[in-house]
Amino acid sequence: MPSIKVLGQLVKELEEQLVACMRCGMCQAVCPLFAETGREADVARGKLALLDGLAREIFQNPQGVQDRLTRCLLCGSCAANCPSGVKVLDIFIKARAILTGYLGLSPAKKVIFRGLLAKPAFFNRVLAWGAKYQGIFVKPVDDLLGSSCSRFLSPLLKQRHFKPLAKSPLHRLVPAQNTPAGAAGKKVAFFAGCLVDKIFPEVGQAVLKSLDHHGVGLYLPNDQACCGIPALAAGDTAAFDKLVRHNLALFGSEPFDYLVTACATCTATLKKMWPLMALDYTAEEKSQIEAIRERVMDISQFLVEQVGVGEPRVSGGDKIPVTYHDPCHLKKSLGVAAQPRALIKANPRYDLREMAEADWCCGCGGSFNLQQYDISAAIGRRKRDNIAKSQCAVVATGCPACMLQITDMLSRAGDRVQVRHAIEIYAESL
Ligand code: SF4
Ligand code: SF4
């Protein structure tokens, strides 16, 4: 392992960004983690101070800093509300990569990220096997929510109520496609993402139905890889690079007007993290990443801004009350909040009612949920309470990771509320 001095030099590369933090503490008011724990090391200011201490070689415990750094949802609430414009997520992601490079990756994470996730064909085969035999280990718990729980005491699954793997992933339900622009005069590439492909294929089908309805040409390769964010969040840039390059080989030189996803996290990763971490890539790869950055957008943004979904339609009869949860990666990272609501309002069978704190984080945070389930669930219960108070029969959102977390919270509370993606509600009206 290199000396702590070398690590200090590496972290110093972030110094220009670290000094932007004025230590004002305004991030405390918006950090969902700090709201639960009240610990300074959990909020952006505390984490930035720890990194500053590492850069100045005041702290000699890189593992301790890494542990505190990974206690974070990467929700971006702090960055979105920082008066000094500190690029908190960029700093955290780069710092995690530096620290993991210095400390090494655990054997379990090596197997998961490099042995499984970074090999898309093998990953698909393993999950197909998992979908076939998951009934041995899990049992259905709520028909309305489609949630399951573990049959046995499991340190990994704990008391979670989760959505099981779909019987058939999207890439098996829908063949690869490459069709020209139709009535809309536009062609898009669809990046499915792991959760839509393997757990919520119905969300992907709703996307494809909507695109087809509007006469949008489609490029859909079916050997897509993960966007890379789970590996990157763990600091594993080797696995991240493999995934980015796999996807670049599929999407990098294809002619399309926009690249759409139905996953807020995938969109934010392609738009912000790929360019941020593409420093050592070839000039051609960098220009492909830049071209994707310019054209990637959430499906709701594409339909509302580029195609047009029309004015909210009115119908008689009873309407289904629906509320909407803003995914952090959609609203805080990409500024997309009105568009998914417009999709919902375009379905006259639904009545959109705002819940309190619609943009307060649901507590998922990807691997944060796996590593810090108790805190993740505590944050999630606040979201569940606001959904319950809205008295709606449906909660819609724009990110499959949020759908998983909200399903868990509602199912564990015994609430009779359906969890839908906004695009599903829109597609129902077509
Ligand atoms: S990260 Fe921003 S909001 Fe938080 S203490 Fe620093 S300057 Fe203030
Ligand atoms: S990204 Fe979210 S959880 Fe992490 S420090 Fe910022 S507000 Fe808190």
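This is a predicted model: local features need pLDDT of at least 70, side-chain atom pairs count only at pLDDT 80 or more; totals for chains, interfaces and linings use all residues.
How do the residues of the lining of the largest cavity divide into nonpolar, polar and charged?

Residues are numbered from 1 along each chain as its sequence is written, chains are lettered from A and ligands numbered from 1 in the order in which they are written, and side-chain values use heavy atoms, with hydrogens and water left out.

**Ligands**

Select ligand 1 and the 13 residues around it, where Cys 21, Cys 24, Gly 25, Cys 27 and Cys 82 come nearest. A residue counts as near a molecule if one of its heavy atoms lies within 4 Å of it. This shell has nine nonpolar, two polar and two charged residues; Ala, Val, Leu, Ile, Met, Phe, Trp, Tyr, Cys and Pro count as nonpolar, Asp, Glu, Lys and Arg as charged, and the others, Gly among them, as polar.

**Hairpin**

Next, select residues 138-142 and 147-150, which are strand 1 and strand 2, paired in the antiparallel sense over four bridges. Strands are DSSP runs (E, at least two residues), as helices are (H or I, at least four), numbered from the N terminus; two strands pair if DSSP finds at least two bridges between them. Asp 142 stands opposite Ser 147 in strand 2. Four residues lie between the strands of this hairpin, and Gly 146 in the turn has a positive phi of about 65 degrees.

**Largest cavity**

Now select His 171, Ala 192, Asp 197, Lys 198 and Gln 224, which lie nearest the centre of the largest cavity among its 18 lining residues. A cavity is a set of points on a 1 Å grid over the protein atoms alone where a 1.4 Å probe fits but cannot get out; a pocket is an open set with protein on both sides within 12 Å along at least five of seven lines, and lining residues have an atom within 4 Å of a point. The volume is about 190 Å³, meaning the space filled by probe spheres set on the points, which are joined across faces, edges and corners. The lining divides into eleven nonpolar, five polar and two charged residues.

**Second largest pocket**

Finally, select Ala 97, Thr 237, Met 277, Leu 279 and Asp 280, nearest the centre of the second largest pocket. Helix 7 gives five residues, the largest share of its lining.
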